[in-house]
Amino acid sequence: MLAANWRYTCRTALSAAFPALGVPESKRRLQQGGKIRMSREPKVDAVGPTGPAVLPKDSRVVGRRLKHRMVEGTTTKSARVAMAMAALLLFASGAAAAPIKLPPLPIESYALPNGLKVLLEEDDELPVVTLEVWYHVGARNEGPGEDGYAHLLEHLMFDGTRDVPSGQIATSVIQAGGELNAYTRQDVTVFWETIPSGVLERILWLEADRMRDLRITSKHLDNERRVVEEERRMRFENTPYGTMLLMLYDTAFRVAPYHWLPIGDPKDLDRATVGDIKKFYNTYYRPNNATLLVVGDFKPSRVKQWIESDFGPLPPGPGPFVTECTEEPKQRAERTVRVVRDVSLPAFIEGYRMPPDGTPDSYPLELLINVLSQGETSLIYRSLIGRDHIAVEADADADFTQCPNLFFIQVVMNSGSTAKQGEAAVQQILNRLRKRPLTARQLDRAKNQILSEWVAERETTRGRAGQLGEDGVVLHDPALTNTEINRVLRLTPKEVQAAARKYFVKKNLTLVEFDPSAPAQQSNTAGLNQGQRGAHGR
């Protein structure tokens, strides 16, 4: 009852603090897990696919933290949320110029002799716990001819081991009243379960078992290969604008591993043998390439015993694992792809090269996502949709990853309007951001949205586990979970303007345009392999 009262108080306070904003919209935040940016777990994943949007938003490889949909799970400690909301109110009233100090999450970090990293965060308010295993492998680890191996193995990890039949881990979780899923991104593959704390010992053993001895047979491989290829068709090839994102990444990157996305190339998947997939599994699905997170209700001493018993005997992998970023040649001019497609409305997507996650310039770019496209008062929505009515859908996003990636803007035009009109309108908005700093109201509004999302994320064991995984695995510093929000809240208008000037420039731009009627034309598209690269979802 106390927790319920605190949650009611916090949400009432949020509404009072932001009467014009409300809770940040989540319809565009189609990923689960991750931190406070848009986390990168696709909506179509191991437990039941959902259909794609007009542009494949649930297929995009988008940013991780400050843009997210609210994650299911259990509420955090009452006092922690109450103090967070008090900080929110102070910030909304202009009293939070200094960094906000919230109660830190009590994080314990250690490693087993075999290299497995462990992150623990205890919260005994409710008898629920979230368990996540982050393997530091994704599309960027795939070599030539291996496009889609990480995604395929994500599926195969549910097909049983020598001692556990196919589907048993899902059955164990669901019968206990829990939920589970998995997702593959460019840098990581993540498996998670939110469960009653009474079954934690059992699920820990099941996770260790599939790290130890995954069963990969010709039958399993053929089944999962068909599932992955059908997923690609459903989410990309059979949707009106589905291949637009594929073309963007295929054109923007020439040598960096982000040239392809995790969905998988059917040609590579069809050629894959049981031996190929076993080799990939034995290389990357090892304890010295994994991080285990446990967040919620548990006794640390007991959980450590279970972890040591289940995971301690597992042998490490061969290593060394890919950690450095392949340097992409400097882009010196705009790259454009114009394609005639049988679509009802023109559309385009712009991708601007941007720095890796966790670097100083990544934080003003996070904030600019909110400024550009979150809510009906955002710059792109207000201009293209609300005022001029030249577009029916417009959105900005970014893919914050370990290596440099893309900040992108995608627009579906209204009937009677052309892609060129939309591109000109977007450029006008970006030029304004380059020439003039944000107003205090614009900056505060974006920060308030980000802070409220961050607090909402901390209300669930699943949300906190996602934040901890992003910081501990992707950024290699779990302590950032307690401090990173201030890197955004300290931003000044000049710092945001400087980022816009640096990255929103033509020589940084890759443009893909779908036109239902214009003559086919392509320019500056060396290396384009249309429709053969994809963004994962499972």
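Predicted model: local features only at pLDDT ≥ 70, side-chain atom pairs only at ≥ 80, totals over all residues.
**Reading strands, a buried charge and cores**

Reader: How many of the residues in β11 are buried?

Author: Strand β11 spans residues 509-515, and seven of its seven residues are buried, which leaves the strand mostly covered.

Reader: Which strands pair with β11, and in which sense, parallel or antiparallel?

Author: Two pairings can be followed here. Strand β7, residues 335-340, runs parallel to β11 and is joined to it by six bridges, and within this pairing Arg338 stands opposite Glu513. Strand β8, residues 347-354, also has six bridges to β11, but in the antiparallel sense; there Ala347 has Phe514 as its bridge partner.

Reader: Turning to a charged residue, what is the nearest side chain of opposite charge to Glu229, and how far away is it?

Author: A salt bridge requires a side-chain nitrogen of Lys or Arg within 4 Å of a carboxyl oxygen of Asp or Glu. Glu229, which is found in helix α6, residues 218-237, is buried yet has no salt bridge, and the nearest side chain of opposite charge, that of Arg233, is 4.5 Å away.

Reader: Which residues is Glu229 in contact with, leaving aside its neighbours within four places in sequence?

Author: With those neighbours set aside, Glu229 is in contact with Pro266, Leu269 and Asp270.

Reader: Which residues touch the most other members of the largest nonpolar core?

Author: The largest one here has 52 residues, and Leu200, Ile307 and Phe311 touch the most other members. Helix α5, residues 200-212, gives this core its largest share, six residues. Apart from this core lies another, of 49 residues, including Val371, Val411, Ala425 and Ile450.

Reader: Which residues does Phe311 contact, beyond its neighbours within four places in sequence?

Author: Phe311 is in contact with Leu112, Asn114, Leu116, Leu204, Glu207, Ala208, Met211 and Leu292, once those neighbours are left aside.

Reader: What can be said of the protein chain as a whole, and how many helices and strands has it?

Author: The protein chain has 17 helices and 12 strands, and buried residues make up 62% of its 538 residues. Among contacts between residues at least 6 apart in sequence, 84% join residues at least 24 apart. The accessible surface comes to about 19,800 Å², and 54% of this belongs to carbon and sulfur atoms.

Terms used
Residues numbered from 1 in each chain as written. Heavy atoms only, no water. Buried < 20%, exposed > 50% of the residue type's maximum accessible area, 1.4 Å probe, protein only. Helix = DSSP H or I, 4+ residues; strand = E, 2+ residues; numbered from the N terminus. Pairing = 2+ DSSP bridges. Lys, Arg positive; Asp, Glu negative; His and termini not counted. Contact = heavy atoms within 4.5 Å. Core = buried A, V, L, I, M, F, W, Y, C linked by side-chain atoms within 4.5 Å. Areas by Shrake-Rupley, 256 points an atom, 1.4 Å probe, with all protein chains shown as cover.
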